[in-house]
Every structure is written in C-alpha cells, then in structure tokens.
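Work through the exercises below with the structure open. Try each task before reading its solution.

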Amino acid sequence: MNFLGPLLGLLIICFSVLLIIRKANPYAVLLFSGLVMLLLAWGFELNVPVVKKTTGSQLLDFFRLIKEAFAKTNAGVGLMIMSIGGFVAYIKHIGASSALVNLALKPLSLFKKKPQLLAIMVIPIGQLLFICIPSAAGLGLLLMASVFPILIKLGVSRISAASVITACTAFGIGPASAITARASEITSQPVISYFIESQIPLVFILSITLTLTYYFVNSHYDKKEASNSDMQDEISFSDKQMEDESREKAPKLYAIIPVFPLILLIVFSELFDFFAHPILLDTTTAMFMSLIIAMLFELVRTKSIFDVFDSLTIFWHGMGNIFKTVVTLIIVADVFSKGLLALGVIDALVFASQNIGFGVVGIAVIMTMLIFISSIIMGSGNASFFAFAPLSSKISETYEVSSSLFVLPMNLSASMGRTVSPISGVLIAVSELAGISPIDLVKRNAIPFGMNIFLLLILHFVL
C-alpha cells in the first residue's frame, strides 16, 4: 500500500487543526484543506472521487464536487436542518417557545437548586426519542427548540444544556437506524432481534454510565467557569433573552406547538403500528406540517390572514440564517472528508487494522477504536461504519468467530465518535443555536465519551 497519501493527509489534518486553534475561519480551512487533498490525490493518481456528471476536465471536476456537495446536502440533511431552523424562529416569534417554557417552569422548578440533575434527565428521554427519530442533527435541533429554553431558564448553563442534548444522539440503535440495518445484515440477524438482543442490553448500561458521568463533568466545569466573567455575561444575556421572550403574550395552548414535530414523528414512526397501511413521515415533512398548524393557531388568535401570511417571512429568514451558519459548514466538512478518502487516510487505517498481528479480540478492539477515531475525523458515524463494517465478515471468517463480536462495538463506537467531532452535523447545529463554539462543546463531551468507549470495550470483550 502507498502510504504517501495518508501521510500527506495527516499533515494537512494537523495543519488544519492548528489554523482553527489560531482562530482561522473554520469554513475556509475545511474547504481549502479538502480541495488541497483532492488536488494532491489527483496529482499522485490516488483515489480521486468521481463526480456524477463530469465537466470534461478532471481539474474542473474538483470544483464540481463542491457543487454536488451543495446539491446533495441541500436536498437532504440541509433542507431538514433549514426547515427546523425556520420553525424554531417562527415559534419564537409567535410566543410558542415562551408558552412552553412558562408551562414547564412550575413543575420543573423543583429542580431549580439542582439544575444539573434536571439536565441529565434529558439524556435517557432523548435517547428513546432517537430510536424513533434517527437523525442526529434533526433530533438535536428539535430538542434545542423545545428543551433547551427550559433548561436555560432553570439555571443550566448553555454549554451544559447543549452537551446533554448532543448526548441524546450518542447511540445509533433501533430499527430505523441506517447503522443498525447494515449491522443486522452483516450479522445475519433480523433487525428487531439485533436491536433487542444485542443493542439494548449493552446500551442500557452505557446509557446509565453516560448520564452519571455528564452530571459530574458538567457540575465540575460549571463551578470552575462560574468565576469567569465572560460566562456570567453569557448566562445573564440568555436570561434576559428568555425574559424578553416570555413577555410575548401567547395562550397556554401554544405550548404544544414546539413539540408538534416530535409528536408527529413518533406517531408515524416505524416502531408503532397505528395505521392499517404504514405511513412514513420524514423530519422535513413533519416540520412543514407543524408550521402550517402553527399558522392556523395564529390565524385563530389574530383573526387576520394578512398578519399570518406576513409572519411566514420569519420562517424563511430562520431558514436562511441556519443555511449560512450550519448547512454551509456541513457542506465544507463533506468536501474535507472527501479529501481524506481521496488521499487514502481511511484505507490506511483499514490496512493497519488488518496487518497489526493481534489476536481476534485485539483486532476487534483496534477496529472499534479506529471507527471511533474515523467518526471524529469525518464527522459522520455512518461514513466510518460503512467504510469498516465489510471487513468484519472477512475477519470473523478467518478467525472462525461470530461477526457480532466485531459489529456491535463498531456500531456503537461509530455513533459515539460523531458526538465528539467538531465537524459533525449535530454538534455544528446545536452549538450554533446555543451560541457556543463546537470546540468547547467537544471538550465537554470528550470525558464522558472517552470513559464510555473504554467501558464499551470492557463490557463487550472482557465481561
């Protein structure tokens, strides 16, 4: 194997990290680093990605890759994130966010003196929702619209609230998960069987540990940072923002509007059989349905169709703001990951895992860690799992062991790695709405997930 490409890739990664640490624009760093890696791959005749429709020139095709990244993202996850961003802006404008906060404050005020206890309660609830709504960025933004304002109002710091929300997307499990579907295929198990017999027992223990770890980690760092005047200013600003929002007069019934998307997605989930003929509802469609419902609420309240039509502008502005901050960063991160693939960085990791010379358990541990690291580098649990997963069948046949020995920890490490990646869609989206840096969010997530990946290896390979 030619190691020149992977070595160049690692040098560019280090240089990119250095630039971002020194406050260079991350959008530009990721975009130009990705393009440089693609050009190097072309120059050394390595694994250059093929565009869907060539321009007729290999050199110009690199720039077409950017266009295709925009088209692919905007048609899929980008549109979903923008629709959620627009919906969040709209419900704030009509006062639905403040109605939900005010309704929730009374029963939850019992936790006013223990805000971190309230915060970690979000994790198990969110993980159950993630089984029904298997989009990490989608669920993260929905929780930012409904749960985040409540946590802030009750005294949870912005970064702690954001960290527990991203933790809700830590385990890619359940029948609706793409990773689960691929894992069950490799292990030759029915999806439901793999979910119930393999995933749930392990994730149950990991989830408890993760929740407890977040309590102590967030409590420690919040106390440590409480003396920092910048943090105090940030919290004061957040409180004032919430107070200003709560002054908007909205009926108590409006409190249901922010959770409409969650209700719709759960009711029409594959996990439930409420209808004679299955009805599948994606997140973007649920957001537009919820928008129309919210507008009907406003029509009944204001009795002015002109005002309601004018209010739709808020939704479009919300979509635009999310596009220029979140979606564009996801797009340049996609170009960056294509550059890594083109230089063979991931192929080098795969090659290393096959030729280390350890026993079957040693190889399984190495592959689990490589997937975890790949997810951090690429910002995608699906991408890293699908790159490594096919190897598990070949290795399990060589050692004459069950492929589940490899697949299950690889499955979980892929989604956990994404939760500590500063270029993953969920961290980018959540940190943007929370008004914090993705790097700061990664620092909060690092200890809980570092401990959790270690516990995963012990539970699966030792106990």
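**Exercise 1: a serine and its helix**

The model is a predicted one.

Solution. 
- Step 1. Buried means under 20% relative accessible area.
- Step 2. Leaving aside residues up to four places away in sequence, Ser83 touches Thr284, Met287, Phe288, Phe315 and Met319.
- Step 3. Helix 4 as a whole is mostly covered, with 13 of its 18 residues buried.

**Exercise 2: the span of helix 4**

Check what span helix 4 should have at 1.5 Å a residue.

Solution. 
- Step 1. The expected span is 1.5 Å times one less than the number of residues.
- Step 2. For the 18 residues of helix 4 this gives 26 Å, and the end C-alpha atoms are 26 Å apart, so the two values agree.
- Step 3. Just after helix 4 comes Gly95, with a positive phi of about 90°.

**Exercise 3: core and surface**

Which residues touch the most other members of the largest nonpolar core, and which helices each supply at least two residues of the nonpolar patch?

Solution. 
- Step 1. The largest nonpolar core has 136 residues, of which Ile81, Phe171, Ile257, Phe385 and Leu412 touch the most other members.
- Step 2. Helix 15 gives the most to this core, with 15 residues.
- Step 3. On the surface, Ile292, Leu296, Leu299, Ile305, Phe306 and Phe309 form a nonpolar patch with about 610 Å² of accessible area together.
- Step 4. Helix 14 (283-302) and helix 15 (305-342) each supply at least two residues of the patch; Phe309 is in helix 15.

How values were computed:
Residues are numbered from 1 along each chain as its sequence is written. This is a predicted model: local features need pLDDT of at least 70, side-chain atom pairs count only at pLDDT 80 or more; totals for chains, interfaces and linings use all residues. Side-chain values use heavy atoms; hydrogens and water are left out. Patches are made of residues with over 30% relative accessible area and no salt bridge: like charges are joined within 9 Å, nonpolar side chains (Val, Leu, Ile, Met, Phe, Trp, Tyr) within 5 Å. Accessible areas come from the Shrake-Rupley method with a 1.4 Å probe; for residues, only the protein chains shown count as cover. A salt bridge is a side-chain nitrogen of Lys or Arg within 4 Å of a carboxyl oxygen of Asp or Glu. Helices (H or I, at least four residues) and strands (E, at least two) are DSSP runs, numbered from the N terminus. Contact means heavy atoms within 4.5 Å. Buried means under 20% relative accessible area, exposed over 50%, partly exposed in between (1.4 Å probe, protein chains only). A nonpolar core is a set of buried Ala, Val, Leu, Ile, Met, Phe, Trp, Tyr and Cys residues joined through side-chain atoms within 4.5 Å.
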